[in-house]
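Dear colleague,

Please find below the structure that I am handing over to you, followed by a short account of what was found in it.

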Amino acid sequence: MSNRRWAWAEIDTRAVTDNVRTLKGLAGPGVLFMAVVKADGYGHGAVDVARAALAGGADRLGVATLDEAIALRDAGFEVPIHLLSEAPPDAAADVVAARAVPTVCTKEYAIALSRAATSAGATIRYHVKIDTGMNRIGVRAEEAADFALWLKALPGMEMEGAFTHFATADVHGDWEFERQVERMGRALGRMRTEGLRPSIVHAANSAATVLRPETRFDMVRCGIAIYGLHPAPSTYGRVELVPAMRVVARVSFVKRIGLGEGVSYGFTYHANGPTTVATLPLGYADGVPRLASNSMEVLIGGRRCRQIGRVCMDQLMVEVPEGMRVEVGDEAVIVGSQGKERIVMEELAEHASTINYEIACAFGRRLERRVISF
């Protein structure tokens with residue numbers, strides 16, 4: 001543990017393990033569990049999170065980029081590691097060497113993978129990505145069976161799975177979600193008619209795992225939920241999750257200002273009277289959203305303190321409530337619990353007009369991570 005800086009993120013890997021156990025129990029027996037650890041484990045640290053997730057019963061890991069997959073292999077993970085998007089065709093040999101499970105949805109990439117696999121004397125198991133309506137990546141649902149038949153002829157390639165991704169799994173009664181489910185069903189039916197039977201069909205992200213049991217198929221893919229964060233308000237009360245990240249700083253400076261004095265760039269805050277201001281040594285370069293300036297709160301001494309003035313790159317200021325004593329070195333909590341008070345990631349995200357996913361990833365940029373469970 002370093003004392004070089006009075007700002008850090010505490011990562012409770014035990015919480016990740018417990019969340020995976022909870023979600024896997026929800027998915028039910030016989031359903032595989034993929035822990036999505038892309039974006040450096042949503043800012044929590046991919047390697048530590050992957051270990052914790054596997055300890056909780058995860059069967060596979062999911063990442064977005066080839067570099068992320070290679071880093072996990074280099075760290076010693078031997079479970080299947082899924083690449084959830086296609087890598088550039090030029091990187092096909094590296095995909096094979098990393099023994100990653102690639103997503104395939106274009107012929108160009110498939111041909112590159114086939115050549116790389118046969119050159120290495122290997123057989124690569126891939127998953128076909130079916131676009132059922134999100135219009136991000138994937139072969140169109142009505143073309144999926146023909147595409148899979150074409151893939152079947154490529155040497156060095158073996159289809160292990162087929163999957164899709166939902167755009168509105170967190171919205172109750174959404175007809176677009178139902179259309180995606182129907183398209184996926186038709187695509188799989190057409191595949192079966194053509195004699196193609198992917199052994200692992202998957203569609204459920206965190207929200208669908210909790211809210212849409214009919215879409216769990218052979219495997220669920222959970223990202224945000226394994227970190228103890230809800231994918232949307234619609235999952236509140238449907239599953240018990242434990243937040244894995246706590247963001248902490250120590251007060252680095254305290255001063256008294258007078259009536260009318262401004263604080264921080266642009267003086268967007270002026271004191272209404274004599275006010276005590278505490279400075280914390282972290283800012284937007286550490287993931288604190290500048291958009292939350294003058295609206296977010298932090299905890300000091302178990303009490304909520306209003307953040308004042310614009311959040312700077314490396315520092316932010318808070319107003320100390322009248323009558324409260326704060327000293328340099330006191331602990332301040334940006335996200336997490338202190339005493340009986342708690343600030344959740346979703347609260348900070350709301351102040352910044354964004355989502356908890358983005359806030360969590362941002363805290364992983366520069367803050368030291370302190371693993372507190374293992």
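**Findings**

The secondary structure of the protein comprises 11 helices and 22 strands, where helices (H or I, at least four residues) and strands (E, at least two) are DSSP runs numbered from the N terminus. This is a predicted model, in which local features need pLDDT of at least 70 and side-chain atom pairs count only at pLDDT 80 or more, while totals for chains, interfaces and linings use all residues. Residues are numbered from 1 along each chain as its sequence is written, and side-chain values use heavy atoms, with hydrogens and water left out.

Of the 374 residues, 54% count as buried (under 20% relative accessible area, 1.4 Å probe, protein chains only). The C-alpha atoms fill a box of roughly 75 × 45 × 40 Å, taken along the principal axes.

Helix α1 (residues 13-27) and helix α3 (residues 46-55) have axes that come within 7 Å and cross at roughly 40 degrees; axes are lines fitted to C-alpha atoms over the stretch in contact, with angles from 0 to 180 degrees between N-to-C directions. The contact (heavy atoms within 4.5 Å) involves Thr13, Val16, Thr17, Val20 and Arg21 of α1 and Asp48, Val49, Ala52, Ala53 and Ala55 of α3.

Asp131 lies in strand β7 (residues 124-131). Asp131 is buried yet has no salt bridge (a side-chain nitrogen of Lys or Arg within 4 Å of a carboxyl oxygen of Asp or Glu); the nearest side chain of opposite charge, Arg140, is 5.7 Å away. Leaving aside residues up to four places away in sequence, Asp131 touches Arg136, Ile137, Gly138, Val139, Arg140 and Ala141.

Yours sincerely

Note on methods. Buried < 20%, exposed > 50% of the residue type's maximum accessible area, 1.4 Å probe, protein only. Lys, Arg positive; Asp, Glu negative; His and termini not counted.
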